[in-house]
Amino acid sequence: IFKTKKNNLLAGLKKKYERPGIIFQGFVPRDKLLGRYKDYSMLINTTRCDNFPLSIVEAGINRICVITTRIVGIATIYRDNEVVYFHDEKDLAEKILTIARFPKDFDSFRDKLYQKTTGFTGRSLGTNGFAAWHEDPE
């Protein structure tokens, strides 16, 4: 799911990589999004400024693999084995194709993200929320 200022990234990725089984949905209005998560196999988050996108939480709760930018807030909350990070358009395209070709290889990402997001509470999302997610790696 993309929402960019002029949708240049979306248009470029669609042109180069859309094929049977890979559909770039584009923007979905909020009132329709929650009901449609069951139709998606991955969420692509292209933010460069949203430190805690709720779309990642929603995707996690729905066991959807997330590909996202590595900005400070997201990288502080989610580990490399919970979401898939990308660096540029080429890297993003490669990761989309890899996940589309080998979805079972990313089941552990879905499971770990699900465990994390279903463990969020009102307290952990409060002022000291980041401390709750900063436990030592297992």
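This is a walk through the fold, from the overall layout to the sheet and then the helices around it.

The model is a predicted one, in which local features need pLDDT of at least 70 and side-chain atom pairs count only at pLDDT 80 or more, while totals for chains, interfaces and linings use all residues. Residues are numbered from 1 along each chain as its sequence is written, and side-chain values use heavy atoms, with hydrogens and water left out.

Let's begin with the overall layout. The protein contains 7 helices and 3 strands, where helices (H or I, at least four residues) and strands (E, at least two) are DSSP runs numbered from the N terminus. Along the sequence, these elements follow the pattern α-α-β-α-β-α-β-α-α-α. Of the 138 residues, 41% are buried, meaning under 20% relative accessible area with a 1.4 Å probe and protein chains only; exposed means over 50%, and partly exposed lies in between. If we take contacts (heavy atoms within 4.5 Å) between residues at least 6 apart in sequence, 54% of them join residues at least 24 apart.

Strand 1 pairs with strand 2 (residues 65-69) over 4 bridges in the parallel sense, and M42 stands opposite C65 in strand 2. From strand 1, M42 and I44 point one way while L43 and N45 point the other, and all are buried.

Next, look at helix 6 (residues 107-118). Its 12 residues reach 16 Å from first C-alpha to last, close to the 16 Å expected at 1.5 Å a residue; the expected span is 1.5 Å times one less than the number of residues. Buried in helix 6 are F109, R110, L113, K116 and T117. They sit on the same side of helix 6 because they cover an arc of only 135° around the axis, the arc being that of the directions from the helix axis to the C-beta atoms. These buried residues pack against helix 3, strand 2, helix 4, strand 3 and helix 5 (89-101).

Helix 4 (residues 72-77) includes I77, which counts as buried at 1% relative accessibility. I77 and K116 are 39 residues apart in sequence, and their C-alpha atoms are 9.4 Å apart in space.

Finally, turn to helix 1 (residues 8-17), where L10, G12, L13 and Y17 are the buried residues. They fall within an arc of 165° seen down the axis, so they line one face of helix 1. On the other side of helix 1, N8 and K15 are exposed. Helix 5 is included in what covers the buried residues of helix 1.

Technical notes
Two strands pair if DSSP finds at least two bridges between them.
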